[in-house]
Every structure is written in structure tokens, then in C-alpha cells.
Amino acid sequence: MMERFAQRRAQFMERIGDGIAVVPAATETVRNDDVHHEFRQASNFFFLTGFDEPDAAAVFDPSHDRPYVLFVRPRDPEMESWNGKRAGVDGARERFGADEAYPIADLGKVLRDRFRGREALWYDLGSRVDADVLGALGQARSMRIRTGNTVPSSIVDPGVVLSELRLIKSDGEIEALREACRISAEGHAEAIRFARPGRSEHDVEAAMEYVFRASGAVREGYPSIVASGHNACILHYVENDSVLADGDLLLIDAAAEVGYLSSDITRTFPVNGRFSEAQRAVYDVVLAAQEAVIDACAPGLRYTDMHDIAVRVLTEGMVDLGLIPGPVDDAIRYGWYREFYFHGTGHWLGMDVHDAGAYKIDGEGRPLVPGMTFTVEPGIYVAPEKSEIDLFELPFDADAERDLAYREGASEAKRIITERESDAAKVTHRVPERFLGIGVRIEDDLLVTSSGCENLTRGVPVDPDEIEALWNETPTVPMI
Ligand SMILES: [Mn+2]
């Protein structure tokens with residue numbers, strides 16, 4: 001088991017060359033007084049160390065004959081009787097394979113020494129050990145004048161290398177992710193069985209998360225979104241405190257984390273067990289978009305192609321339903337579909353639910369290769385207040401808009417776009433009332449294989465008839 005971390009360290013150190021890297025652990029954050037928020041190790045740190053305590057740092061110094069150094073909280077029987085066991089300095093060496101280990105308080109001192117002779121410092125600025133790392137660097141640089149030693153003259157972002165290492169999943173990671181996906185699908189299936197008008201979003205969340213935990217998940221991969229009715233049109237709705245009303249859809253975006261890998265599933269279903277005609281019409285469009293993308297997923301497909309495929313099918317559906325006017329090519333060119341579909345079609349999936357890794361290389365969508373894992377999650381959200389929408393005949397360019405927001409800041413960019421719109425031709429469109437307040441998203445987790453892709457999350461159905469049948473099953477979690 002620790003072997004896997006040693007392999008990753010070797011790969012990482014190969015890339016560092018004659019530099020030195022410092023990778024910090026996560027720190028605990030205070031919730032109130034002496035109570036902390038639930039601790040979860042920083043993904044990059046865990047990826048390289050397998051060490052899950054707070055207040056630690058790892059140093060990777062490939063030119064040294066003892067290249068891997070861990071800095072940890074020292075053993076402290078009194079603190080441990082309050083807050084749990086610590087590996088301590090000895091444990092860091094014996095159990096976690098460090099060549100050297102020190103109390104975290106010694107980080108600056110050891111770095112001062114190790115910085116001599118190193119070309120570059122690989123370090124992601126902005127962590128709690130900044131003062132130790134930068135202080136040691138400053139001292140090493142001022143000593144250089146007297147000694148003539150080389151010390152790091154540049155600070156390099158280790159995230160670029162680490163995210164590439166994390167992007168292609170190993171067999172062990174795929175196994176853990178598969179289990180996270182299996183458990184998450186079980187939880188979603190239970191939510192569908194459990195949801196009834198009169199029960200609250202919280203009730204359903206509890207039943208689902210019970211299944212996650214009871215099946216072996218240590219935690220959720222992200223806060224569960226359990227959004228009924230109009231709440232589904234709020235993308236990151238987490239209040240989860242509404243009562244399920246007869247006739248509402250319930251959108252659940254939630255998943256379990258297993259072995260530091262997170263699944264990510266969304267299902268949308270009727271709380272009374274029957275899709276209305278309007279709900280089903282919107283649902284069928286989203287499902288068609290999702291299946292078109294999944295069918296296309298194979299090695300070589302560019303990441304950005306997935307979004308283009310989803311946008312085309314969703315836009316065709318929106319025009320058919322009368323949500324937006326046609327023709328389809330104009331609705332795509334002018335970005336009218338964005339009135340009801342305003343997020344990306346997926347993201348890398350792994351240790352972080354929105355996992356590490358570049359989506360584009362040299363401005364081009366990255367081709368899929370076996371071992372990549374990602375989500376496919378189209379949606380349509382018809383917010384209740386959108387009974388009448390203004391659409392502009394103004395070509396939409398996602399890259400140009402992102403660039404504008406980057407240069408000008410979000411609010412100035414919005415002002416500039418609004419000004420452009422005021423000069424453009426405008427179409428005012430009435431949205432059919434039966435669709436108002438309907439929000440649907442369907443999300444599955446895909447693994448790229450040598451010949452295509454494997455859907456890891458179809459343990460919970462997406463077919464509307466199968467969902468209705470599942471709703472009719474007896475839940476395994478009792479209703480209190
Ligand atoms: Mn997602």
C-alpha cells in the first residue's frame with residue numbers, strides 16, 4: 001500500500017531534477033473555540049505521502065542522498081489523549097517511509113540547510129508554511145553573498161507536474177474510484193426510493209448519506225446538493241431544507257469519497273414517482289445530450305468536443321420545446337442556449353471532485369487517453385422568473401468572454417457585455433409556462449478505456465421508466 005506513494009514520489013522527484021520541492025499538508029480550521037471543522041488532507045500532499053495528519057510538510061530533494069523528508073507534529077501523550085494518535089517523527093520514518101523526519105517547527109531550519117546548491121524551489125505560494133519557506137529562502141540567499149553557494153533563484157509551481165501525475169489514474173485509484181461510484185449509486189438509488197411528497201430535502205439527504213457511510217465511505221466528496229422544485233435552478237444549492245411538494249422534481253448532486261477518491265453523481269426525478277409531461281420532455285432532452293456525449297467518449301476525442309456535442313443536442317431540444325427560438329445554428333452562434341444551460345459539460349474526477357489537470361494544451365482541447373476519469377453532466381434549468389427573455393444577435397465566444405473577465409474583472413466585463421447587447425438586435429421570447437421552474441441535470445462518471453469509455457455510475461438508472469420503477473420499491477432506510 002505505501003509502495004504506491006513511493007512510486008509517485010519517484011515520478012515527482014524525477015521531474016524536480018536538481019531543484020527542491022516543499023509540499024504542505026492541510027491545516028485544521030477552527031469552527032469555534034476548541035472545535036475544528038472536519039479535517040481532510042490536502043490532495044497533493046496525500047498523493048505523495050499517504051500521511052493524513054494536519055500541520056505537516058514534505059520536502060523532496062532529489063540531489064540529496066536522503067531525498068524524502070517529512071515534517072510532522074511531534075508525539076505528545078497529553079494532546080493525543082484529547083485529539084487522537086500522532087505518528088510522530090519516528091512513525092514518519094518507520095511507517096511512512098521518510099528518509100528523515102523532524103518536528104514541523106524545524107522546517108525553516110532544515111530548509112536553510114537544504115537550499116544550498118539547489119537551482120529552483122518548487123513551492124505553491126499561499127500556504128501556512130509560507131513564512132518558514134520564504135524566510136529560509138531569504139536567509140539562504142543572503143548567505144550566498146559570503147559563501148558563493150547556489151541557492152534557488154526561482155520559485156516554480158509544482159501543481160503543473162502534480163496535476164499531470166494525478167490526471168491519469170493508476171489501477172489502484174481506479175479500483176477505489178469504482179467503489180466510490182458503486183456506493184454513490186447505491187445512495188442515489190435509496191434517495192429515489194425514499195423521497196415522497198411531505199418529506200424534506202434533509203430527510204432524503206440523511207437516507208442517502210446513511211447508505212454512503214454504512215457502505216464504507218469515510219465522507220462525502222463535496223457537500224450534497226438536494227434541490228427540489230425551483231431550488232434545482234440554483235446550481236450549488238446546499239440549504240437542503242425545503243419540503244418536497246407533490247409534482248416537484250428533486251435534483252440530487254452528491255457522492256461518496258472512498259480511499260481519497262470521489263465520485264460525482266446527479267440524478268433528477270419526480271418526488272411523487274411520475275414525471276409530468278413537461279418534466280419528461282425536458283428530461284429527455286438532457287438525457288439525449290448526455291448519451292450523445294457518452295457515446296462519443298473514446299481515446300482521441302478532444303475534451304472540448306464533449307461540450308460542443310452537449311450544446312448541440314441541448315439547443316436542438318430547447319428549440320423543439322420552444323424554450324428558445326431557432327434556427328438551431330443561430331441559437332448556438334449567439335449562445336441563446338446559455339439562458340438555460342450555463343455551466344460546462346464535465347470536469348476531471350479524482351482525489352478532488354473537480355480534479356487536477358489542464359483541459360486545454362496550447363489552446364486546444366486535450367485529447368482523451370485511457371485512465372482519465374471525468375464527469376458528463378448536461379442540464380437544463382428554467383428559472384421560474386424567466387417567463388420572458390431577451391436574446392441578442394451577438395456572436396458568443398466563450399474564450400473571448402473568459403479573457404475579457406480575466407482582464408477587466410467580472411463586474412466590468414459584465415458592464416461591457418451589457419453595453420454591446422444594447423447596440424445589438426434583440427429578440428424577446430416568451431418561455432412556455434409549463435416549463436418554468438423545471439431544473440434537470442444528469443451526471444455520470446466515465447473512465448476512458450483503450451477502446452472507448454466505461455460508465456462507472458449506472459448502478460443508479462437514468463431511464464425515466466426505470467427511475468419510476470425504482471421509486472416504487474421499498475426503501476431500505478426506515479422512515480422515522
Ligand atoms: Mn460534477
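This is a predicted model: local features need pLDDT of at least 70, side-chain atom pairs count only at pLDDT 80 or more; totals for chains, interfaces and linings use all residues.
1. Overall size. The protein has 480 residues, and a compact globule of that length would have a radius of gyration near 23 Å. The value for the model is 25 Å, which agrees. Taken along the principal axes, the C-alpha atoms fill a box of roughly 75 × 60 × 50 Å.

2. The model contains 15 helices and 23 strands. Of its 480 residues, 41% count as buried. Among contacts with a separation of 6 or more, 74% are made by residues 24 or more positions apart.

3. Domains. The chain is divided into domain 1, residues 2-164, and domain 2, which is made of residues 168-387 + 431-471. The C-alpha centres of domain 1 and domain 2 lie 37 Å apart. Eight residues of domain 1 are in contact with seven residues of domain 2. On the domain 1 side, the elements that give two or more residues are α2 (43-49) and α7 (159-167). By class, that side of domain 1 has three nonpolar, two polar and three charged residues.

4. The six-stranded sheet. An open sheet of six strands has the order β6-β5-β4-β1-β7-β8, and its pairing is mixed. The edges are held by β6 (100-103) and β8 (154-156); each has a single partner strand, so one side of each is left without a neighbour in the sheet. Neighbouring strands are turned by 20 degrees against each other on average, direction ignored.

5. Strand β5 (residues 68-72) and β6 run parallel and are joined by four bridges. Within this pair, V72 of β5 stands opposite P103 in β6. Helix α1 (residues 2-16) packs on the sheet and touches β1 (20-24), β4 (57-60), β5 and β7 (120-123). The direction of α1 makes about 55 degrees with that of β4.

6. Is I155 buried, exposed or partly exposed? I155 has 16 other C-beta atoms within 10 Å. A buried residue needs 20 or more and an exposed one has 12 or fewer, so I155 is partly exposed. Leaving aside neighbours within four places in sequence, I155 is in contact with L121, Y123 and L125. I20 lies 135 residues from I155 along the chain, and the C-alpha atoms of the two are separated by 9.8 Å.

7. The three-stranded sheet. Another open sheet has three strands in the order β9-β12-β13, with antiparallel pairing. Here β9 (219-220) and β13 (261-262) stand at the edges, each with a single partner strand, so one side of each is left without a neighbour in the sheet. Strand β12 (residues 256-258) pairs with β13 over two bridges in the antiparallel sense. The bridge partner of E257 in β13 is S262. Helix α8 (residues 171-194) lies across β12 and β13 and runs at about 150 degrees to β12.

8. Burial of β22. How many of the five residues of strand β22 (residues 444-448) are buried? Five of the five are, so the strand is largely enclosed by the rest of the structure. D444, L446 and V448 point one way from β22, whereas D445 and L447 point the other way.

9. Partners of β22. Strand β17 (residues 373-376) pairs with β22 over four bridges, in the antiparallel sense. In this pair, F374 has L446 of β22 as its bridge partner. Strand β23 (residues 453-455) also runs antiparallel to β22, and three bridges join the two. L447 has E454 in β23 as its bridge partner. A hairpin of four residues joins β22 to β23.

Key:
Residues are numbered from 1 along each chain as its sequence is written. Two strands pair if DSSP finds at least two bridges between them. Axes are lines fitted to C-alpha atoms, for helices over the stretch in contact, and angles run from 0 to 180 degrees between N-to-C directions. Two residues are in contact if their C-beta atoms, placed from the backbone, lie within 7 Å. Domain bounds come from an automatic or database domain assignment. Ala, Val, Leu, Ile, Met, Phe, Trp, Tyr, Cys and Pro count as nonpolar, Asp, Glu, Lys and Arg as charged, and the others, Gly among them, as polar. The radius of gyration is taken over C-alpha atoms; the globule rule is 2.2 Å times the number of residues to the power 0.38.
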